[in-house]
Amino acid sequence: MQRARLLSSVCLRWHRMLQLPARTASWGSHGLLNAGPSSRLWKLDISQRDLSFGSATWAAADRRSRARNPKSSPMRPVDVEHLWTQLDSYYKQNSLISFEHCQRMLEHLQHSHQPEGVTIEQLHFLLGSCVPELLPAQSSQERLQLFQSLWAQLLKLGQPTLAHYHTQLEVLRQNRLPLPDHRSLLAEIAVYHGAADASLYSALLAVACSAGNMRQATELLAEMRERNFALTEHNFHSLLLGHARNGDLTGTESVLSSMRAAGIPVGTSTQALRFEALVANGQREQAKDVVQSETDFTAAQLLQMLRTVLAAKKVDMELVQQLVKKLPRDYLTGLDLPSPLRNLCIQLAHNGRAEVVLQLVAALPASKFEATNQNGDEYAALLLQEFFRASVPLSVTLQFAKELVQRGQNPFALHMVTELALRRLPSASLNCLEELSAAGQELRPHYFWPLILHFHRREGESGMLRLVGEMKRLKVECDEETLRNYLLPNLKHSLAQPLEALKALDAAGVRPSQTLVLVIESILQNHHQQMSDVLELLKRYPTRIQLSSLIQPLSSLAVNARATKRFEQFAQVVQALQQRSLQPEDDFVGSLLLQMCGSQSRLRQDVPSLARFVHELRRLKLEISPAAAESILSLARQATQDHELLQALGKALQSMNNAQLVQAADVTANGGFIKHPRDMSLDELECHLVELEAKQLNPRGVLRRLLQLSVRSGRLERAQQLLAKCQALKVQHSAGMLASILDLHIKLKDLPRAQESLKRLQSIYPAFQIDEHKLIDFAALLVHCDQLEIAKQMLQQRSERHKIVGGDYVIKNVWQLLTNVAQMSAKTTSNQRGDETDAKRPNLTYETLEYLRKLGYCHMHNALLGPVVREWLLRGDLESAVAEFQRLATSHRHTPLQFELLSLLVRLGNGDQEELARYPGTTAEMAQKYLATVTATVSKIHGAANMNSALLLALAESGTESQLRRLIINPEFRLNHELLVKNCEHLGQEGAVRTLLRLARGVRGVQRTIDEQRIYDLLLAQFSRTNDFEAALDLFERLEADDELKVSQDFLRNLVQLLQVNNVEIPSGIALRAQIR
């Protein structure tokens, strides 16, 4: 229905505009015109207009168009129905056709074998829209090119009808475009539709005369005379127009004489064309006489006459005003310019004649707003937009807007120009704001938001501060929203030195009392390492501040303080803020603690850290309300059963109580009866998801959070299932979610999808900073896929753009990256073996470690030097591995891969054939020599006692029982007992059960080393932590089989407790020995 209404309304309007009286004439014997009774009226079916030079011509043009825009270029899918609705809506609102909509429709048609979703009537309408009245912003050639491509699409639907060819000629006429060869077009039409009739020849004559081609017009007149076609009034008008556009006044008068001879009266239509001829030939006075003498001109005729006057290089404003006065009064007094007149102004603006537009609009009467609810900002609104599209100088646009305001045509014209400049030309919008201020209009801070972002992109932070100074000059004061959302977030470099930032803002005109709390909030959120700066600011500016907005940033800061153990400094910041509180009776500290426990589930579960926070706050004599103290203690009881810890926490909170403090009404421990998804554990989120799906409620937020936690906890299979659900529900991807998806693909070692996720994250959220550990993991994946150089380039780019934190936080990730480098280097070396000597093959892992250290990702660490030694081992070069171990021990005072190297050398020294095969050229004697070298190096660095502890564990791992026993019973053998216990605990966590059992049997009866029962207790404790009751039972059976060993009662009780937790039936032998009834 919308398409039908759009088509019919356009067609009806054009039909009325072009409808002419039906007068005809016949050919005389002398070639002139005689009157005749024939009343054949030339009629143009406007509803089916079209334009073409012929099917073959337009098909070729379409091929050229597609060659310029190949199909390989990406194109978004087009919803034809929606696009047509947009086109319809734009036409109804503006009486124009959107060129962009036509282009999108054309692209859709060109990329389809058949025009899908578009009917032939719709395509016919688009063809007929390629005229100046509906596309005034485009040139004749652009409209012609659009038509050529559309005509080629019409050919896909079948052979054009006669109505299409009439549309072709009408579009040529209105665009004043020539028809090079009318005979070929007639021949094409004759093949499908028979011989041409009088109406077709009439249209051809109109095209020739519109283009000023009188030679072709003469040929067409001759052919019409041969076919005895009577000439209509429309034909005479075409001839008048042709002579007028050729500047031939004599020819014009000759046609007028012929009309009178044919008995066709000279009416207003004829006089309008005569007027055009007079203006084109500079006969201004005669043209004025025509206007004065004729009183029945229609609005359409006057507009065509006005178009002729305005087309002259020098516009006669007296003639323009004369024509405007002739227009009907109700035609000009609407809320906006009449559509045809406005479209004419748009065409003039795009042709570089904006000054003429100003003169024309100035000649029009002002609008009258009769009702208070009528909009006063519609007049010339679209025209102002087109001024910007046509790149009209801003000074001209501002002059036009000021004149509209002065004449009362549009009181808001300056506001509209300012808004358009902020959107389309922000570099010049400051001039618009100055003009608006000069006009007495109040400027508001949000007017400057686009300018703040523009100056930040163009000139950085200095440009933004300069703009703030301009705002002050224009008497505009930054409000909180402007400072919080636009100014401070873009002053990242300045805020690195907060005191200097406040001084710079003060110099620009923003008072410290406005910015202090916002700067502190920014520091707390983005600069966790600068808590001392907050203290300095509060000391320098003793301003009372509203603390409620700082609770959330402080809660986030608490996460960092907990991780870095900076409890004391955090408490000092809270104390300094409390002393500056604008409402000292509010329970700020209690609200903060509840927020820390409510939004951060990790702190809620980490009661010792919570107790540390409370202890530091109490030490500084800070107070909380009794309600907050009770809520915090209740949360602690839910998280731990450590009565001693809870008792200490309760005493601390009790000593901080102050009944006079008032807790805010919106602060709760759990955020209401139902936890927020960010506070839920994995299991709680899974249950919540089931509930939401069962009730058919929106689960998108829960899915997003659950996906992030599943990836973080290593539940990769579940994470893949959740990702599939998110994709099926089209869950909007936040930056954090995309980062988790990237992490998921990295952990799955799916490099293509990881690269795709990273590219998507960087394109959608370019300002989002990926965690360093994730970036290093991605680099490790690249190395795993033999792309070391790409990984190094990516890490270097990160270091150039952002400050690298590095350190122990990412040591595991760096270790994995270096391990992958070692494996890649070993693989490359094995493929190139024999091509290079050892001296020519440097240690690639050490080079990479040095590279990462220089970029700031890490420092020299014993764990990170391990892959350096491992590279030589993976290459099968034992000698170089031992030499590298010695070099690293000497230069860095570290003994990397000590346990693994000692264990390997023990196995090789014992003649392990499988190990010897991995290291060609190595014998057992050589291995023993290397072992002596390594032990000497370790003794030199760590001392003999520590070396003996390491050697003892290496023998327990790889040596024989006799070797282990001989070493233990040696009276000169001394070791570090504490280090040995610590290493045994580590081996227990790693699951080295065999090694610890051999060590236990080896130390049996030798109390000066380590207690045998202690080792069994360590193993059982590890099994209890992992809830592995089967391994615990297997250990008990092994010990039970040893007749010389008596298992302790503590061991039995712990084993029974593990079995009871897992609801496992306790074997009778264990129950009996543990004395369980």
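Helices (H or I, at least four residues) and strands (E, at least two) are DSSP runs, numbered from the N terminus. The structure described here is a predicted model, in which local features need pLDDT of at least 70 and side-chain atom pairs count only at pLDDT 80 or more, while totals for chains, interfaces and linings use all residues. Residues are numbered from 1 along each chain as its sequence is written, and side-chain values use heavy atoms, with hydrogens and water left out.

The chain contains 58 helices and 3 strands. Of its 1077 residues, 51% are buried, where buried means under 20% relative accessible area, exposed means over 50%, and partly exposed lies in between (1.4 Å probe, protein chains only). Contacts, defined as heavy atoms within 4.5 Å, were examined between residues at least 6 apart in sequence, and 71% of these join residues at least 24 apart.

Two pairs illustrate how positions separated in sequence are placed in space. Asp197 is found in the loop between helix H8 (182-193) and helix H9 (198-210), and with a relative accessible area of 35% it is partly exposed. The C-alpha atoms of Asp197 and Phe229 are 8.2 Å apart, although 32 residues separate the two in sequence. Leu169 belongs to helix H7 (residues 162-174) and counts as buried, at 1% relative accessibility.

A nonpolar core is a set of buried Ala, Val, Leu, Ile, Met, Phe, Trp, Tyr and Cys residues joined through side-chain atoms within 4.5 Å. The largest such core has 147 residues, of which Phe275, Leu383, Phe448, Leu554, Phe570 and Leu577 touch the most other members. Helix H24 supplies the largest share of this core, 9 residues. When residues up to four places away in sequence are not counted, Leu554 touches Leu524, Phe570, Val573, Leu577, Phe588 and Leu592. A second, separate core of 127 residues has Ala719, Ala950, Leu999 and Ile1015 among its members.

Charged side chains form 42 salt bridges in the structure, each being a side-chain nitrogen of Lys or Arg within 4 Å of a carboxyl oxygen of Asp or Glu. One of them joins Asp316 and Arg284, at 3.9 Å from N to O. This pair links distant parts of the chain, 32 residues apart: Asp316 is in the loop between helix H15 (299-310) and helix H16 (317-326), and Arg284 is in helix H14 (residues 284-293). Asp316 counts as buried at 15% relative accessibility, whereas Arg284, at 25%, counts as partly exposed. Lys288 and Glu318 meet in another salt bridge, 3.2 Å from N to O. Because Lys288 lies in helix H14 and Glu318 in helix H16, this pair ties together parts that are 30 residues apart in sequence. Lys288 counts as buried, at 9% relative accessibility. Arg284, Glu285, Lys288, Asp316 and Glu318 are linked in a network of salt bridges.

Backbone geometry was considered last. Most residues other than glycine have a negative phi. Gln696, which is not a glycine, has a positive phi of about 55 degrees. Gln696 sits in the loop between helix H37 (682-694) and helix H38 (700-712) and counts as exposed, at 74% relative accessibility. Arg893 likewise has a positive phi, near 60 degrees.
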